[in-house]
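Hi,

Here's the structure I said I'd pass along. Have a look at it first, then read on for what turned up.

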Amino acid sequence: MLSRSVVFRHDRVRGTDLLVLPERVVVLRGHAGDIVRLCDGERNVGTIVAELAARHPGAPVADDVPQFLERMRKEGWIR
């Protein structure tokens, strides 16, 4: 789940997903927006990995997604 001060948005002009934080914007690249969309507070990391593995067969989601989510947690963007 996103932290209270973080808002997820899609910028239609640039065609990219964003995390809007107080006094800062984080541009999400690649499939990062797909991962953030799944951070709804209901799914755990394993469920997110399984859903993304089904959507993107052969992609290294089992390694990359947990690392990405841990980085987001350390940054304070998710809880």
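Keep in mind that this is a predicted model. Let's begin with the helix α3: its buried residues are Val-61, Val-65, Leu-69 and Met-72. If you look down the axis of α3, those buried residues fall within an arc of 60 degrees, so they line one face of the helix. What do they pack against? The buried residues of α3 sit against β2, α1 and α2.

On the face pointing away from the buried side you'll find the exposed residues Asp-63, Gln-67, Arg-71 and Lys-74.

With 15 residues at 1.5 Å each, α3 should span 21 Å, and its end C-alpha atoms are 20 Å apart, which agrees. Just after α3 comes Gly-76, with a positive phi of about 90 degrees.

Next, the largest nonpolar core. It has 20 residues, and the ones touching the most other members are Leu-19, Ile-48, Leu-52, Val-65, Leu-69 and Trp-77. Two or more residues each come from β2 (16-21), β3 (24-28), α1 (32-37), α2 (45-55) and α3 (61-75). The largest share, 4 residues, belongs to α3.

Which residues does Leu-19 contact, leaving aside its neighbours within four places in sequence? The list includes Leu-2, Val-6, Val-7 and Phe-8, then Val-25, Val-26 and Leu-28, and also Val-36, Met-72 and Trp-77. Arg-24 is in contact with Leu-19 as well.

Cheers

Key. Residues numbered from 1 in each chain as written. Predicted model: local features only at pLDDT ≥ 70, side-chain atom pairs only at ≥ 80, totals over all residues. Heavy atoms only, no water. Core = buried A, V, L, I, M, F, W, Y, C linked by side-chain atoms within 4.5 Å. Buried < 20%, exposed > 50% of the residue type's maximum accessible area, 1.4 Å probe, protein only. Contact = heavy atoms within 4.5 Å. Expected span 1.5 Å × (residues − 1). Arc of directions from axis to C-beta.
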